[in-house]
Amino acid sequence: MQLFQSYSCTVHDDTHLHFSRCTGNVKPLSISCGDGQRRCPGKYQCNTPPAGGNGVCCPNEPITKPGECPPNTPGVICPLFVRPGDCTNDGSCPGKQKCCQQGCSRSCVDPGPRCGPVCAISCPFGNVLDEYNCPICRCKTGCTGNVKPLSISCGDGQRRCPGKYQCNTPPAGGSGVCCPYEPGCGSVPICAIACPFGYVLDENNCPTCECKTGCAANVKPLPSTSCGSGQRRCPPPYQCNTPSAGGSGVCCPYECPHVRCEPCPYGYFSDPNGCQTCECKPRCGPVCAIFCPFGNVLDENNCPTCECKTGCAGNVKPLPSTSCGAGQRRCPPRYQCNTPPAGGSGVCCPYVCPHIKCSRPCPYGYRYDDNGCQACQCLPACEKGTPQGTCRIGLFPSTPCPSGTYCKNSVCCKIPCKFGDPHPTLSCGIFFNKCPAGYSCLGGPADEYFACCPDENKPTPDKCPRDRYQKSKCYVRRSCRNDSSCHGNQKCCKQGCQYKCVNPVY
């Protein structure tokens, strides 16, 4: 008997191998894997054809397929040891499926949608979305159900929609479209009134017969106050809101911008509009419960104290019992009205002269305005009035000038007292002073004249502080000649052995 050994023949399907190749055309192991077949050994994974069937064992190299994994179930608490799952990476999954974390293990699942680029078109109401909630190159109409609106524009300053239609405007503002009334609005009529800022909407988002004020939260603006181009500005802390279609605006309470700052342990300072700044407050203690229109006086650590600011520069005292501002009395000359940042009555403070730089020098000096501030106007040969004849000084024989005048530029000029005319008969000098009450001795810049000039008729009952050393026997020096030579509301007072400028007492 002849024995025959039986052999099995394995036919390889070239088509099958074509769809079961490894990444980079790497040669797979000569074994089949997949459903009902052997498992691939370590460091190898099973790649199956897209249409199913037996796969091949390829080196376990991470493969990433297009798409994104769907979100995993939130709040999942997994045990310490879990099964490895059905896949290791996207190459372990058939077709377009991806290896994603699902629960406590990894499984092959269909990828989530990935939105591609959108056409560069402007859609006021947004783009239409596809089944994956991705925008496509088609604009929304602005109406419910994306129905087609009427071919007219509506909104502020434009046509009104006809009956059974309502005006829908884009979220960013601009012209609206006329859409059929949405369910819930019914046939609500719009009153025949012009609302520059639009109509107030009811709980169903339907327009009513009430106009919007133009301010946030529909609060009331300042009454009878228009603002905008060519009109008055809103007072602080208010801002001008204008309609989208243009025209006069309204003054609304100032809306503070949202700012992101570094943390400040003791809080932030506020600007004049009451809005937070990014400037940190220092470590300050509690402040007394007092109202200070101009703010509190700050200490050396920039912390508020229980003392109010006067409202004047240098915190000097203003005119007592004198209010100024809108609808109130004006401040007298050499004083100016300073009002609080939040508005209200102001106080009369000594006038602060602005710093000016004149373009040309004046050989005989500059003029001064009513507030005692220098102007860029040159004085003539005589500061006041016309010359009172001619004169000569230093030559023999000399030609004297009449009383109350002095020789300047070969002419007799009137002595320039700041307030009124000099005393007609009495005179004064460097080492003596014969001026009566109400007059002070005034000397020229180069001591070219001395005259008894009237003191400033100040509107306040101020006087010199008490001289603590009035009985001292010493040579009295002068750093000032009279009150006119002192800045602001200071007075030229005797203090011990010296005349100097000091703050008056009231």
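A contact, as the word is used here, means heavy atoms within 4.5 Å. The model is a predicted one, in which local features need pLDDT of at least 70 and side-chain atom pairs count only at pLDDT 80 or more, whereas totals for chains, interfaces and linings use all residues. Residues are numbered from 1 along each chain as its sequence is written, and side-chain values use heavy atoms, with hydrogens and water left out.

**Overall make-up**

- Of the 506 residues in the protein, 27% are buried; buried stands for under 20% relative accessible area, exposed for over 50%, and partly exposed for what lies in between (1.4 Å probe, protein chains only).
- The accessible surface amounts to about 34,000 Å², with 53% of it belonging to carbon and sulfur atoms; such areas come from the Shrake-Rupley method with a 1.4 Å probe, and for residues only the protein chains shown count as cover.
- When contacts between residues at least 6 apart in sequence are considered, 35% of them join residues at least 24 apart.

- A nonpolar core is a set of buried Ala, Val, Leu, Ile, Met, Phe, Trp, Tyr and Cys residues joined through side-chain atoms within 4.5 Å, and the largest one here has 10 residues, namely Cys382, Tyr406, Val411, Cys413, Ile415, Cys417, Leu442, Tyr449, Ala451 and Cys453.
- Strands β26 (411–414) and β28 each supply at least two residues of this core.
- Another core, of five residues, lies apart from the largest one and includes Cys324, Cys331, Tyr335 and Cys348.
- Leu442, if neighbours within four places in sequence are left aside, is in contact with Pro416, Cys417, Cys428, Tyr449, Phe450, Ala451, Cys453 and Asn482.
- Ser440 lies in strand β27 (residues 439–443) and is buried, with a relative accessible area of 13%.
- Not counting residues up to four places away in sequence, Ser440 touches Cys435, Ala451, Cys452, Cys453, Asp455, Arg481 and Asn482.

**Salt bridges**

- Side chains of opposite charge can pair when their charged atoms come close.
- A salt bridge is taken as a side-chain nitrogen of Lys or Arg within 4 Å of a carboxyl oxygen of Asp or Glu, and the count by this rule is three.
- Asp90 and Lys98 form one of these bridges, with an N to O distance of 2.6 Å, and both residues are buried.
- Lys414 pairs with Asp421 at 3.0 Å, N to O; Lys414 is partly exposed at 31% relative accessible area, and Asp421 is also partly exposed, at 45%.
- In the bridge between Lys494 and Asp467, the closest N and O atoms are 3.0 Å apart.
- Because Lys494 lies in strand β30 (residues 491–495) and Asp467 in the loop between β28 (450–454) and β29 (477–478), this pair ties together parts that are 27 residues apart in sequence.
- Lys494 is partly exposed at 24% relative accessibility, whereas Asp467, at 10%, is buried.

**Record annotations**

- An unreviewed UniProt entry lists "domain: Antistasin-like" for residues 185–211, 251–280, 280–308 and 353–378; positions follow the numbering used here, feature names are shortened, and annotations may be inferred rather than shown by experiment.
- Residues 251–280 are 0% helix and 37% strand, and their end C-alpha atoms lie 30 Å apart.
- For residues 280–308, the chain is 0% helix and 31% strand, with the end C-alpha atoms 22 Å apart.

Conventions
Helix = DSSP H or I, 4+ residues; strand = E, 2+ residues; numbered from the N terminus.
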